[in-house]
Structures are given as C-alpha cells and as structure tokens.
Amino acid sequence: MSPRALSLRLRLFLVILPPLLLVSVLLGFWRFQAAQRTSEDLFDRSLLAAALAISRDVAISEGDALSPSTRNFISDAGGGEIFYHVTGPAGFYVTGYAYPPRPAQPLARDSPSYYEARYRDEEMRVLRIIEEGTFNDQPGQMVVTVWQRISDRQAFARDLAFRAIALMSGLMITLALVVWFGVQIGLRPLNSLMDAINKRSPDDLSRIRRPVPTEVAGVVATLNRLLGQVQDSLETHQSFISDAAHQLRNPAAALLALAETLPDVRDETERAARQAELIAAARASARLANQLLSLERLRYDVDQARVRFDLGDVVETVCENLAPVALSRDIDFVLDRSELALPVDGNPVLIGEAVTNLIENALRHGGDQMTRITVRTDADDATIVVTVQDDGLGIPLDQAETAFRRFSQLRNGEGTGLGLAIVEQVVRRHSGTVRLEDVANGTCVRLEFPRADQPEIK
C-alpha cells in the first residue's frame, strides 16, 4: 500500500507505536540484565546466610545436627537446594556432603570467597568461609563450604525477566488499544467536518462555520478562503456571461434583420447601402466579441505571458497600425516618443491592446470637430507614463467612473462600452494606474506603469 493511501488514523498509529515498541524492547533487555544481576546478588546473600547459619549450628551442637530452621532454609533457598560441607580444626570432616567443589585457584582466607566449579556434572556457585573458634575443646579454624546450582539462579532470573516482560507486553497492548481508539476519538471532529462537506450541494460555497480543533483551524481557514475565491470566480463568470449575452443580443438581432431584408431589395443603390450596413454591423459584432474575449482573457494571461519589454516599442507599433485610419480622416496623428528606454514587466500584447483601445476610443467618440490625436511616452526613476490626448468632445472629469465602467457609454454611438473598461483592467493587472487629466479641450488619458530595471532590457 502506498504511504499516501494510508488513513490518518493508521499514520498516527504507526508514528506513535514503533518508538514505544523500541523503547519497550530496550527496557526489556535492560530488565533481563538487571534481573540476572539481582538474582546473583540474592543467591550470593542466601549462600552467605546459609553458611553463617550452618557455622552457628555446628558450633553449638559440635557437629551433631543442624537446627530445623537451618535445614528448611538450605533445602529450598530461593527456589534452589543448598549443599554444604564443614571441616574442623586440622581439617577433619565434621558434617555435610563428603566432597565439596574445589576452586580452580587458591582463595583468600580472611574473607568469604565466591567461585564457580563443577559438582556432579553441574555448574555450581560456591561460597567458602573460614572462622576461628573452638570445636570439641580444640581451638582452630572451621571451614564452611556451601554451594548451589547455577541453573537454579538462571531459572529465577528468567522468571523475574519474564514477569517484567509480560507486564510490559500487557502495557504495550493496552497502550496500542488506547492509541488506536484514542486517535479515532480524536479524529471525530475531522470526520464530522467531512460528513458536513459531503452533505453540501454543489451550489453551496458558503463558509464552513463548524467548530474544529486548533490543529486543523488553518486548514479550514484555507478551505474557506478557497471557497470564497471560487465563489467570486463563479460570480464573475456569471456576470460576464450575462453581460455578454445582453450585449451580443442587439447586434445579433440587427444582423439578422439586415440579412432578412436584403433579398427583398431590388434597387442596386439601396442594396449596396444595405450591404454596407450589414458589413458595418458584422464588424461591430466581431469587435464586441473580441473585446469580450479580451476582457475575460485578462483574468489569466497577464502572469502567463509576463516578460520584460520596452513600452516605447509597443506604443510605436500600435501608432503605426492606426495612423492610416487617423490620417484618412484628416486628423493630425502625432507620436511624441521618449528617447529613454521604457522597461516594463508584463504582457506586451495586452498593454498594446489597451493603448489601441484609447486611440480607437478617441477616433470613435471625439466627434467631427476633432483635429488632432497626440500619443506621448515618458518616464522617471520609478514610473513609465503613456498619455493619449485628443481635442474632441472630451469626457467630463466627474463622469470618469462611468466612462471606465463596463458596457457604459456617455453618449449614444457605435462603441461597445468596453474599450476603457479593458484599459482599466489591463493597467490594474500590471500594478499601474489610469486616470483622466484635466485639459482645456478634449480628453487626455494617462497610464502609469511601474518601471522595471533597465539593465535587463534586450
């Protein structure tokens, strides 16, 4: 199974439990070692206690017998039998087993001595103590040797370790169940959130207002922001579709009416006039469709086609394309281009279309008295400026907001009402500004763009 396919519950389970298992294994190993050391220490102490008890009983009874308590102790000391051997002064045998295990090397005589040796083909732990005293009225040393099977010690250590391991295993199983079901309980708010989202209709893009844990509050906030952006995008598209349908309906009806009446016209002069009207209406419809597409394209194309370019070159190309139209109407068309480079970061096609719309807007709405259109480019340390000025009818400054609104026209004419709206959106998408300048006659529109670093202009 791919890690991405794992549920959040299983991921948390796998993240939490393996480290705990590793710690439990290490603790189990440490506990086993500690149990071995503990059992060795306990058994050594029991050997010493047995040796001292045997020495006391032998001294009291002069070797005749051990007390019942001592016999009970050595028969089952810590779960293992203790063997013993006692010699008196001059090394004569007193009591116990006949032949004790022998050490591999000499032992110290002034302190208890532990060693390991074989006895009847078994490994033994042996203790020898030497005490000064009198036995049967003879002074001398009494040697007490006690020993016990090492296997008994190991079994005791294993029992201690297995008990600890069983306890830790029980704790780990309990912890695993707590983690598994605890994570499920902890994820209930997320599951509830998922169920609430699943129950929403596709048209419901309202904000999520359910209480959620702090850890997922950021996710919900991001989701709410995304839902808001989607809602705004849908509303914008719906508004665009509604406006486009409304604006295209009249040109389409005009085209249909002209096309239907044209076959019935017999007079050649009138037919030619109707054909000219039909062509003009078709061109107007085509331009309206193109401008609507340009308006929608502004939502996506600016960042995708962003490059660094010289705005002076773009403005000069636009003026070259429109100069024949202006000159054919006996209008002076002037380009006053700055000699400085005008570096701008953005989409040259869209900015060129914005300048084109300004010039065409002047040509369409300047009126018959308009005699001059001037396009200027300039720059300072931070701003690139383009102005388009005419001496026509002009736009009152108090109606600037209406002029830049989509599908708005200050006067009845053949325009689409989108030219200045497109200009405003192009400039805004390039982090610039657009405004009407106060001039004596006509209209002056000023575009300002942030200046880019000039050294990267190629």
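A residue counts as partly exposed when its relative accessible area falls between the buried range, under 20%, and the exposed range, over 50%. Keep that in mind as you explore this predicted model.

**Stop 1: Glu122 and Arg149.** Select Glu122 to begin. Glu122 belongs to strand S4 (residues 122-135) and Arg149 to strand S5 (residues 138-149), so the bridge ties together parts that are 27 residues apart in sequence.

**Stop 2: Asp345 and Arg308.** Next, select Asp345 and Arg308, whose side chains meet in a salt bridge at 2.7 Å, N to O. Color strand S8 (residues 343-346) to find Asp345, and strand S6 (residues 307-310) to find Arg308; the pair therefore ties together parts 37 residues apart in sequence. Asp345 is partly exposed at 28%, and Arg308 is partly exposed at 25%.

**Stop 3: Arg337 and Glu316.** Which salt bridge do the side chains of Arg337 and Glu316 make, and what is the N to O distance? They meet in one at 2.3 Å. Arg337 is in the loop between strand S7 (332-336) and S8, while Glu316 is in helix H8 (residues 311-328), 21 residues apart. Arg337 has a relative accessible area of 28% and Glu316 one of 29%, and each is partly exposed.

**Stop 4: a network.** Finally, select Arg435, Glu437, Arg446 and Glu448 together: salt bridges link them in a network. The count for the model comes to 16 salt bridges.

Notes
Residues numbered from 1 in each chain as written. Predicted model: local features only at pLDDT ≥ 70, side-chain atom pairs only at ≥ 80, totals over all residues. Heavy atoms only, no water. Salt bridge = Lys/Arg side-chain N within 4 Å of Asp/Glu carboxyl O. Helix = DSSP H or I, 4+ residues; strand = E, 2+ residues; numbered from the N terminus. Buried < 20%, exposed > 50% of the residue type's maximum accessible area, 1.4 Å probe, protein only.
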